[in-house]
Amino acid sequence: MDESGGGSLDGFRIGVTASRKVEEQVALIERRGAEVVWAPALSTDPTRVDDAALRRATEAVVAQPPDLFLATTGVGMRAWLAAAEGWGLR
């Protein structure tokens, strides 16, 4: 356990796609020692989605699948899978 009471995430790189409360999420993960990559590719507002960034991120995940993936929103996950399917990447 580290000094904050949780397990250490030293050596991990964690992607955060949140657009809400992102500062809190990033701070929590960084306090545990992980490197954070913030890619706000998903949003509850469809006009705020950067399709080019989302496609690049999707292609990167397909090319090198993560060891662990945690989805915290069904809406965002369905939107991402629909976009990936439209690009032939599902």
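This is a predicted model: local features need pLDDT of at least 70, side-chain atom pairs count only at pLDDT 80 or more; totals for chains, interfaces and linings use all residues.
**Exercise 1. Getting oriented**

Work out how many helices and strands the protein chain has, and in which pattern they follow one another along the sequence.

*Solution.* Start by counting: the protein chain holds three helices and two strands. Next, read along the sequence, and the pattern comes out as β-α-β-α-α. Then look at burial: 19% of the 90 residues count as buried. Finally, take the contacts with a separation of 6 or more; residues 24 or more positions apart account for 37% of them.

**Exercise 2. How H2 meets H3**

Decide how H2 and H3 are oriented to each other, and find the residues that make their contact.

*Solution.* A handy starting point is that two packed helices are described by the angle between their axes and the distance between the axes. Here the axes of H2 and H3 come within 11 Å and cross at roughly 85°. Angles from 65 to 115 degrees count as roughly perpendicular, and H2 and H3 are therefore roughly perpendicular to each other. Now for the residues: H2 brings Leu54, Thr58 and Val61 to the contact, while H3 brings Trp80, Ala83 and Ala84. Sorting the residues of this contact gives five nonpolar, one polar and no charged.

**Exercise 3. The second largest pocket**

Find which elements give two or more residues to the lining of the second largest pocket, and what kinds of residue line it.

*Solution.* First, the volume: the second largest pocket has about 170 Å³. Second, list the lining, which consists of Thr58, Val61, Val62, Pro66, Phe69, Met77, Trp80, Leu81, Ala84, Leu89 and Arg90. Third, assign elements: helix H2 (51-63) and helix H3 (74-86) are the ones that give two or more residues. H3 gives the most, with four residues. Last, classify the lining residues, and you get nine nonpolar, one polar and one charged.

**Exercise 4. A close look at Gly33**

*Solution.* To finish, check Phe12, which is 21 residues from Gly33 along the chain: their C-alpha atoms are separated by 7.9 Å.

Technical notes:
Residues are numbered from 1 along each chain as its sequence is written. Side-chain values use heavy atoms; hydrogens and water are left out. On a 1 Å grid over the protein atoms alone, a cavity is a set of points where a 1.4 Å probe fits but cannot get out, and a pocket is an open set with protein on both sides within 12 Å along at least five of seven lines; lining residues have an atom within 4 Å of a point. Grid points are joined across faces, edges and corners, and a volume is the space filled by probe spheres set on the points. Ala, Val, Leu, Ile, Met, Phe, Trp, Tyr, Cys and Pro count as nonpolar, Asp, Glu, Lys and Arg as charged, and the others, Gly among them, as polar. Axes are lines fitted to C-alpha atoms, for helices over the stretch in contact, and angles run from 0 to 180 degrees between N-to-C directions. Angles under 35 degrees count as roughly parallel, over 145 as roughly antiparallel, 65 to 115 as roughly perpendicular and the rest as oblique. Contact means heavy atoms within 4.5 Å. Buried means under 20% relative accessible area, exposed over 50%, partly exposed in between (1.4 Å probe, protein chains only).
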